[in-house]
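Please study the sequence and the structure shown below.

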Amino acid sequence: MAGTEFYGAEERKEVNDVLETGIFFRFNHDAQRNGIWKAREFETEVAKLVGAKYAHAVSSGSTAVSCALASAGIGAGDEVIVPPFTYIATIEAVIFAGALPVFAEIDETLCLSAEGIKKAITPKTKAVCLVHMCGQMANMDEIMSVINEHNLILVEDAGQALAASYNGISTGLWGKTGCYSFDFFKIATAGEGGVMVTNDENAYKLADNYSDHGHDHIGNNRGMENHPVLGFNFRISELHAAIGLVQTRRVPMIRENNNKHKKLLMNELGKIDGLGFATIPDPNGDSATFLNLLLPNTMAAQSVVDEFNKNGVSGFNYWYTNMYHFINQWGHIKNGHVAAKTNIQLLGAPQDYNNLDLPKTQETVGRLISFGIKASWSDNEVNSLAEKISICIKSVLNQHV
Ligand SMILES: *Cc1c(COP(=O)(O)O)cnc(C)c1O
């Protein structure tokens, strides 16, 4: 699943390069840094992996979402369609951009559906912030046709879907801007870090300026460069970038192993009557960080979770009740608990966040149990997990074990 499964000599070497020079800052200091530019190398590596024209590394996946929104021109008062199933960072980034999140339905892809987006569109809708969940990808053909038909801006939070793609195009590169997270739990980690990608030169330049107080990074006189726009500090350090760089190089190997393990598990578990899987719109583009099981209904899923716990089966997430990735757990948004006023309080919420009508989402997340897949598993470990899962599910669904 995660980059943290593999680390060692290569990370030490890259970090050491930085420690030798003592230049932990990603810009300037050309004479002292001895040709060591880890953030730049990290960006080149990510751009190469996903096929992006431009990549810009920042301090976290969350700040990468902020850069993606700002450089796509999304700001105060704009309505942005978002999923109710995502890591909360997506929603926070929209709110702290001054924009107003509008929740729409997901479907069995675990991502916003084209139909859900269509229903949530109002005359004030400016953009869609699409999240590719659980290592998989949204149905991009259908979504792009709604985006184009309604002239909306697409921003992709591919925080969980680095190295996933649809029809050969990486998640993150379908919209104006996209981004990935390199936090501790992702397919590649920098410790903390994030990368924004785009094929749009102007959006790239804006992100580069915005993430460093507006500096345009032209020339070598920090402070007296030009400052085309107002920005803030979302910079990544050279030490984090050094780790992210090595981890990015390992992603193709991890993706390949993950896919092998996910296919084995799906083959075995696919034999169970009544058990389904989340829809994968392009199975060739799966990053396969998660095996996503869909039980017949929420009650069955909850019983399976109990059965797993009783039998010592671990390594799964039941997002519906146990994780901070689902709207049912976001009491602060629903009840307007903020440290300081946001545009939701100033302009009014575009929806009644406490009474959202999202039956398809409730039903889908209620049925979903996701297992993190490890690239380092042996075939034996995969087979034994398949067997344990199978026994628990069959006993809940009252099938012969
Ligand atoms: C992890 C994640 C983020 C936030 O990334 P951080 O690096 O932890 O800030 C944003 N969006 C999604 C979908 C994520 O999974």
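Strands β8 and β9 run antiparallel and are joined by four bridges; two strands count as paired if DSSP finds at least two bridges between them. The model is predicted, so local features need pLDDT of at least 70 and side-chain atom pairs count only at pLDDT 80 or more, whereas totals for chains, interfaces and linings use all residues. Residues are numbered from 1 along each chain as its sequence is written, and side-chain values use heavy atoms, with hydrogens and water left out.

- Helices (H or I, at least four residues) and strands (E, at least two) are DSSP runs, numbered from the N terminus.
- Five of the five residues of β8 are buried, where buried means under 20% relative accessible area, exposed over 50% and partly exposed in between (1.4 Å probe, protein chains only).
- Thr177, Cys179 and Ser181 lie on one side of β8, Gly178 and Tyr180 lie on the other, and all are buried.
- In a regular strand, side chains alternate between the two faces of the sheet.

**The sheet around β8**

- The open sheet has seven strands in the order β1-β9-β8-β5-β4-β2-β3, with mixed pairing.
- Strands β1 (54–58) and β3 (100–103) stand at the edges with a single partner strand each, so one side of each has no neighbour in the sheet.
- On average, neighbouring strands of this sheet are turned by 25° against each other, direction ignored.
- Helix α3 (residues 61–71) lies across β1, β5, β8 and β9 (194–198), and runs at about 175° to β8.
- Axes are lines fitted to C-alpha atoms, for helices over the stretch in contact, and angles run from 0 to 180 degrees between N-to-C directions.

**Domains**

- The domain assignment gives domain 1 (2–250) and domain 2 (251–322 + 361–400); such bounds come from an automatic or database assignment.
- The centres of the two domains, taken over C-alpha atoms, are 28 Å apart.
- The contact between them takes 34 residues from domain 1 and 31 residues from domain 2, contact meaning heavy atoms within 4.5 Å.

**Nonpolar cores**

- A nonpolar core is a set of buried Ala, Val, Leu, Ile, Met, Phe, Trp, Tyr and Cys residues joined through side-chain atoms within 4.5 Å.
- The largest core has 73 residues, and those with the most contacts inside it are Phe85, Phe308, Ile369, Phe371 and Ile393.
- Helix α14 (residues 379–396) gives the largest share of this core, seven residues.
- Domain 1 and domain 2 both give residues to this core, so it lies between them.
- Not counting residues up to four places away in sequence, Ile393 touches Ile272, Leu275, Leu293, Leu295, Val304 and Phe308.
- A second, separate core has 27 residues, including Tyr180 and Val197.

**Cysteines**

- The count of disulfides (pairs of cysteine sulfur atoms within 2.5 Å) is zero.
- Cys67 is in no disulfide, and the nearest cysteine sulfur, that of Cys179, is 8.7 Å away.
- Cys67 is buried, with a relative accessible area of 0%, and Cys392 is buried, with 2%.
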